[in-house]
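Subject: Structure handover

Hi,

Here is the structure I promised to pass on to you. Please have a look at it first, and then read my notes below.

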Amino acid sequence: GAGGGSIAHIDPMGLLKVGPESAGSVPGPACYDRGGTQPAVTDADLVLGYLNEDYFLGGEMRLSRQAAERAVAERVAQPLGVSLVQAAEGMFDVVNENMASATRIYAAERGRDPRAYALLAFGGAGPVHAYAMARLLKVRRVVCPLAAGTTSALGFLLAPMSLDFVRSYVARLDGLDWGHLASLFGDMEEAGRAMLAAAGVAPEDMRFTRSAEMRYVGQGYEIPVPVPCGRLDASRLAEITQSFYAAYQERYSRYRTDVPIEALTWRIVASGPPPSVDLRAHDGAAPAYPGGVKGRRVAYFSATKGFVPCTVYDRYSLAPGATLAGPAIVEERESTIVVGPSATAHVDEYLNVIMELA
């Protein structure tokens with residue numbers, strides 16, 4: 001429940017909360033000036049100087065700073081007895097902590113340390129908040145793809161044709177009805193082949209991946225376990241059992257061999273080939289802004305406890321190899337990248353802006 005439209009409110013205990021309620025796109029945040037009166041994350045981002053009110057959607061839509069300030073002041077600042085900027089900073093911090101907490105939980109459930117990874121910032125508001133979120137997670141690298149606001153749509157267009165089939169069959173592995181199990185997978189694979197063929201996928205390009213949700217008998221949670229392809233009969237029991245042990249070991253760093261295993265659901269993913277796409281988008285055209293700099297404005301950072309001057313860059317004027325130092329703001333039609341103090345960034349061959357935190 002975290003996004004540019006997430007609404008800030010004061011709960012019955014007098015605490016600031018952000019989301020999960022959202023203003024959506026209609027009426028949208030107050031700054032859209034389309035009838036919305038409740039303060040949303042985008043309003044806070046505008047108050048803090050991260051967004052350009054004259055360049056939202058590449059200038060196709062003008063944001064109202066006055067409406068944003070009024071909503072944040074009336075619904076957050078005044079009830080809490082703080083300044084407008086403190087209220088906006090509070091909204092910004094709370095939604096960042098919401099996302100960071102969800103990330104920590106997600107990583108911990110999989111035995112992962114977020115510090116070992118890079119943070120991929122996508123969505124319209126993702127690159128605005130990525131620097132602050134990376135600091136919370138102690139992540140050192142942030143990757144901001146070109147046209148970050150359309151990344152989900154790009155993923156949808158570039159993902160291979162894929163169909164998921166699921167069948168329930170609860171049984172212990174040592175008591176499986178192998179004929180019944182083979183029939184379940186056979187029916188799912190047949191349905192997958194028919195649907196992929198109808199979508200124009202050639203038979204030789206079809207791929208089928210099997211898995212099952214399994215657990216030790218008596219447990220309340222299951223884990224996904226790969227299931228081998230080909231004929232399934234009692235001769236595959238040891239292989240499937242070892243697959244469960246490997247999956248359990250990867251997640252929990254241990255497993256037991258003296259407790260029976262049961263499966264609850266069986267799955268097949270039927271997919272076609274991924275499309276071949278070259279995402280290197282730079283066409284070598286002369287930049288609209290030599291050096292990429294289009295201006296300067298002030299923005300607020302918690303690290304400095306105040307507004308500081310930021311160099312504003314035009315995303316489309318930054319060629320591969322370009323470098324910049326924070327505090328800086330990079331503007332594009334679909335999103336805005338906030339490079340915080342002490343961070344640096346460079347542009348790679350795919351026009352990703354890769355931010356490095358000190």
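Let me start with a pair of strands. Strand E6, residues 207–216, is joined to E7 by 5 bridges, and the two run antiparallel. Within this pairing, Ser 211 stands opposite Pro 226 of E7. Before you go further, please keep in mind that this is a predicted model.

**The sheet and its helices**

E6 and E7 belong to an open sheet of 4 strands, in the order E5-E8-E6-E7, with antiparallel pairing. At the edges are strand E5 (162–172) and strand E7 (223–227), each of which pairs on one side only. On average, neighbouring strands of the sheet are turned by 25 degrees against each other, with direction ignored.

Helix H7 (residues 237–252) lies across E6, E7 and E8, at about 140 degrees to E7.

Leaving aside neighbours within four places in sequence, Ser 271 is in contact with Met 161, Ser 162, Leu 196, Asp 205, Met 206 and Arg 207.

**A buried cysteine**

Cys 31 is found in the loop between strand E2 (16–22) and helix H1 (41–47). Is Cys 31 buried or exposed? With 0% relative accessibility, Cys 31 counts as buried. Not counting residues up to four places away in sequence, Cys 31 touches Thr 42, Asp 43, Leu 46, Arg 62, Leu 63, Ser 64, Ala 67 and Ala 68.

**Salt bridges**

Side chains of opposite charge can pair when their charged atoms come close. How many salt bridges does a search of the whole structure find? It finds 22. Here are some of them.

- Glu 53 pairs with Arg 65, with the closest N and O atoms 3.0 Å apart. This pair links distant parts of the chain, 12 residues apart: Glu 53 is in the loop between H1 and helix H2 (65–80), and Arg 65 is in helix H2. Glu 53 is buried at 18% relative accessible area, whereas Arg 65 is partly exposed at 25%.
- Glu 331 forms a salt bridge with Lys 294, again with the closest N and O atoms 3.0 Å apart. Here too distant parts of the chain are linked, with Glu 331 in strand E12 (residues 328–331) and Lys 294 in strand E9 (residues 293–301), 37 residues apart. Glu 331 is buried, with a relative accessible area of 1%, while Lys 294 is partly exposed at 24%.
- Glu 97 and Arg 104 meet through their side chains at 2.8 Å, N to O. Glu 97 is partly exposed at 30%, and Arg 104 is partly exposed at 34%.

Finally, Leu 154, Val 277, Leu 279 and Tyr 350 make a nonpolar surface patch of about 330 Å². Tyr 350 lies in the loop between strand E14 (344–347) and strand E15 (353–356), and counts as partly exposed at 37% relative accessibility.

Enjoy exploring!

Best wishes

Definitions and conventions
Residues numbered from 1 in each chain as written. Predicted model: local features only at pLDDT ≥ 70, side-chain atom pairs only at ≥ 80, totals over all residues. Heavy atoms only, no water. Pairing = 2+ DSSP bridges. Axes fitted to C-alpha atoms, helices over the stretch in contact; angles between N-to-C directions. Contact = heavy atoms within 4.5 Å. Patch = residues over 30% accessible without salt bridge, like charges linked within 9 Å, V, L, I, M, F, W, Y side chains within 5 Å. Areas by Shrake-Rupley, 256 points an atom, 1.4 Å probe, with all protein chains shown as cover. Salt bridge = Lys/Arg side-chain N within 4 Å of Asp/Glu carboxyl O. Buried < 20%, exposed > 50% of the residue type's maximum accessible area, 1.4 Å probe, protein only.
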